[in-house]
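Welcome, and thanks for taking a look at this model. Please open the structure and follow along, chain by chain.

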Amino acid sequence: MNLTLFVWRQKGPREPGRLEQYSAENISTEMSFLEMLDVVNEGLIRSGREPIAFDHDCREGICGTCSQVINGVPHGPQEKTTVCQLHMRNFKDGDSIYIEPWRAKAFPVIKDLVVDRSALDRVIQSGGYISVHTGGVPDANAVLVPKEDAEAAMDAAECIGCGACVAACPNGSAMLFTAAKVSHLTLMPQGKVEAARRVCVMTEAMLKEGFGNCGNHYECQAVCPKGISVQFIAKLNREFIKAALKAEA
Amino acid sequence: MILDGKCPAGALSDKWDDRLRELKLISPANKRRYKIIVVGTGLAGASAAATLGELGYNVEAFCCRDSPRRGHSIAAQGGINAAKNYPNDGDSIFRLFHDTIKGGDFRAREANVYRLAMLSNNIIDQCVAQGVPFARDYAGYLENRSFGGAQVSRTFFARGQTGQQLLLGAYGALSRQIRAGSVRLHPRTEMLDLVIVDGEAKGITVRDMVTGKIEGHAADAVCLCTGGYANVFYLSTNAMGSNVTAAYRAYKKGAFFANPCFTQIHPTCIPVSGEHQSKLTLMSESLRNDGRVWAPANKTDRRGPNDVPEPERDYFLERKYPGFGNLAPRDIASRAAKEVCDEGRGVGGSGYGVYLDFTEAVRRLGEEKIRERYGNLFDMYEKITGENAYKQPMRIYPAPHYTMGGLWVDYNLQSNVPGLFVLGEANFSDHGANRLGASALMQGLADGYFIIPYTIADYLARTGPGKMDAGRPEFNKSRDDAGALIRRLLSINGKKTVNEFHRELGSIMWENAGMARSSEGLERALTLIPALREEFYKNVKVPGSGEDMNQELEKAGRVADFLEFGELLVRDALHRNESCGGHFRVEHQMPDGEARRDDDNFCYVAAWGFRGIDREPELHKEPLVFENVQMTVRSYK
């Protein structure tokens, strides 16, 4: 099939960007979206133009690197799917496709479709872990974990850190991302010890990085390639209130 | 030269304790005076950097991805082995050791593998303490499943995303050290060279992938944790960014490259769908716990899978290997699938595929249970192929997945270049000629959490801290050389793209050094690769400049290294005139088609030393001695 692409091109962080038009020809329905872009890029290189820069790596939906807004939706039209797992059978011959980078205050554009998501790393660095040293830990079965808790923790821990939740949020909030990590660790008995401190420092770090507040739009859940539920945001809020009460007492 | 792995003498089970007793220590106050560079932040790199930082060393961590959470360890699906024997099914440290040595077709070091089996239990404890949400039973205890090459259930797992969860555990530990200031992180930074001063590794040269700036970093020791080289085949299950550059450039600076021909072709990957294909996707080995592998018994059978009646199906793994059935090791299962397809019984459009069928498991356990166990894998399969594997069997075919070969290291994980340590998939040490499933995660974390923290201190204590700075002439020269290569690549301005060269190299490698290798094919590859390399430097087109983000330039540098490294791999495969594990030379097979080892002549590690691009490398041998297992013909029947 043949497609018309409108792709965001931007030379650098401080340069202005704009949508440029390209045609993608003889695209097979078996291709992934990124393989379609590979074909377009090969054509651009051969004709002496600079290829479109975009982030991608594992191409199997787990590393969280790929990050494109396709026709206004982060990761495109298919539910629970990263761009790399989106296949061209979801498009029709003659379609026009708009491709843009993640847009959020906390994610400055580096080049074309590539953005800087290190703010998410800094949110984790503030306290998104259990403060255990290597060695000197008890036997793995010494602390039992109820199956339901382990499953719920895993539902949250599946977050791939892609940042689609931020890109979809009208406030550019990283609430779903932060809530997923807070919930995962709080649901595990090993993580309960630091739960109060963790939720406070991570929330603070999130605001400091320029992410907005949660306005309960739930756009984040709608685009999350791992289907992470907004119920975890409610859990974060509960943990936050508990921590505040604890601090007052 | 005969290489010495410097394994401790004495009983197998005492070796590591004996070594720990001999290793020098560094006092807490002195540790902060030492700087250590860690390149790569997958499982091995993140666990090493975190642990070294925690101990008080001054760590500089580098990764070429935008975040350390994205190392390709993240894609490991099925699980991690440990000899906990929680299921009470007869497992032990010795049995895990024995399975791993046998699985590797007797081409790994006994002492290393035993240590790995010992440390496997500590890893599970550590990961649970980090909050890794492993699968649990209703009483709250850890669950296990089986993997290929084992008759016990020793694999711990977190749905089909075990690698992700373990890496996020290590990434958490690393993040904590970044916060504490003991680790400095350099994301989107690629290592271009190893800097050697007076014969010892004292730093690296890197390129900032955003600004293009090339700079040197000096340290007291360097740890390479940069993964494997399966992308030399172009199509593999590795991430697009996985490459051999760091390891290969260290090789060019004097580090020996061991057993490069030991590559693993994984049996259960989604088949190639066309020319445009950019990578292949693995379907976890754990699927073989419940899925049955088959192909039509008759060549002419063109019916859909559900229309082929039971008697006309050939469950070839169950037929050939009744003892292990569908859980035969990877190399054996891959070759069996290839044989079936070569006979013309393959399925799918290309004829290069066999079925992995869950019908019976769904009948036995119900769709819900199968969904709980493998739901994410079935979803992924449907996204890629558009087919529902609950209703019709998956189509699978072998693909390059993991590389057992890597930089040569001794028992302390130190290469032949003092001060250069190599961890995880980037070294050659533990898997011999074939790696068993769920062992890669185990090795990466054993190296990073529990081995390097001890062994690196011994080296550092002997050298003294902080003598290096990046202003020395060796660093200047390294920077100049790295810059010159970049300018050369940008100046060629030919007609073919980097991908075209990579694809051509991949096809040469897959045809001649893939699942079946012959001296004829390998000789052919030895003429084709240098010719392609020559064309590359005349006709490649790398657009843009070196002064900003340039993804084509990054790729060009990596493909340039693959074009040299591929030749080394082929040379090693040609010299190893035997079949063992994943290295199958068609000239050396049993009457039933199994691999025929030649222990009299090839029971050694082949470690190659660089002598120049167009000169044959020098072969060094480390003899392998087996004192605790009997070398047998590997049988899974």
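Which residues are exposed on the other side of α9(A)? On that side of α9(A), I241(A), L245(A) and E248(A) are exposed. Before going further, note that this is a predicted model, in which local features need pLDDT of at least 70, side-chain atom pairs count only at pLDDT 80 or more, and totals for chains, interfaces and linings use all residues. Residues are numbered from 1 along each chain as its sequence is written, while chains are lettered from A and ligands numbered from 1 in the order in which they are written.

**Chain A at a glance**

- Chain A has nine helices and seven strands; helices (H or I, at least four residues) and strands (E, at least two) are DSSP runs, numbered from the N terminus.
- The C-alpha trace of chain A spans about 65 × 40 × 35 Å along its principal axes.
- Of its 249 residues, 54% count as buried. A residue is buried if 20 or more other C-beta atoms lie within 10 Å of its own, exposed if 12 or fewer, and partly exposed in between, with C-beta atoms placed from the backbone.
- Among contacts in chain A between residues at least 6 apart in sequence, 69% join residues at least 24 apart. Two residues are in contact if their C-beta atoms, placed from the backbone, lie within 7 Å.

**Helix α9 of chain A**

- Helix α9(A) covers residues 231-248, and its 18 residues should span 26 Å at 1.5 Å a residue; the end C-alpha atoms are 26 Å apart, which agrees. The expected span is 1.5 Å times one less than the number of residues.
- The buried residues of α9(A) are F232(A), I233(A), K235(A), L236(A) and E239(A).
- Those residues lie on the same side of α9(A) because they cover an arc of only 155° around the axis; the arc is that of the directions from the helix axis to the C-beta atoms.
- Packing against the buried residues of α9(A) are α3 (147-157), α5 (175-187) and α7 (195-208) of chain A.

**The sheet of chain A**

- An open sheet of five strands in chain A has the order β2-β1-β5-β3-β4, with mixed pairing. Two strands pair if DSSP finds at least two bridges between them.
- At the edges stand β2 (17-24) and β4 (73-74) of chain A; each has a single partner strand, so one side of each is left without a neighbour in the sheet.
- Strand β1 (residues 3-10) of chain A runs antiparallel to β2(A), and eight bridges join them.
- L5(A) has Y22(A) as its bridge partner in β2(A).

**Domains of chain A**

- Chain A is divided into domain 1 (3-110) and domain 2 (118-248), with bounds from an automatic or database domain assignment.
- The centres of these two domains of chain A, taken over C-alpha atoms, are separated by 29 Å.

**Where chains A and B meet**

- The contact takes 63 residues from chain B and 64 residues from chain A.
- Elements giving two or more residues to the chain B side are α3 (43-55), α5 (110-129), α6 (162-180), α11 (367-385) and α16 (551-575) of chain B.
- The largest share of that side, nine residues, comes from α6(B).
- By class, the chain B side divides into 24 nonpolar, 23 polar and 16 charged residues.

**Strands of chain B**

- In strand β9 (residues 221-224) of chain B, A221(B) and C223(B) point one way and V222(B) and L224(B) the other way, and all are buried.
- Strand β1 (residues 35-39) of chain B runs parallel to β9(B), joined by four bridges, and I36(B) has A221(B) as its bridge partner.
- β9(B) also pairs in the parallel sense with strand β17 (residues 420-422) of chain B, over three bridges; there V222(B) stands opposite L420(B).
- Five strands of chain B form an open antiparallel sheet in the order β11-β15-β14-β12-β13, with β11 (263-269) and β13 (313-314) of chain B as the edge strands.

Technical notes: Nonpolar A, V, L, I, M, F, W, Y, C, P; charged D, E, K, R; others polar.
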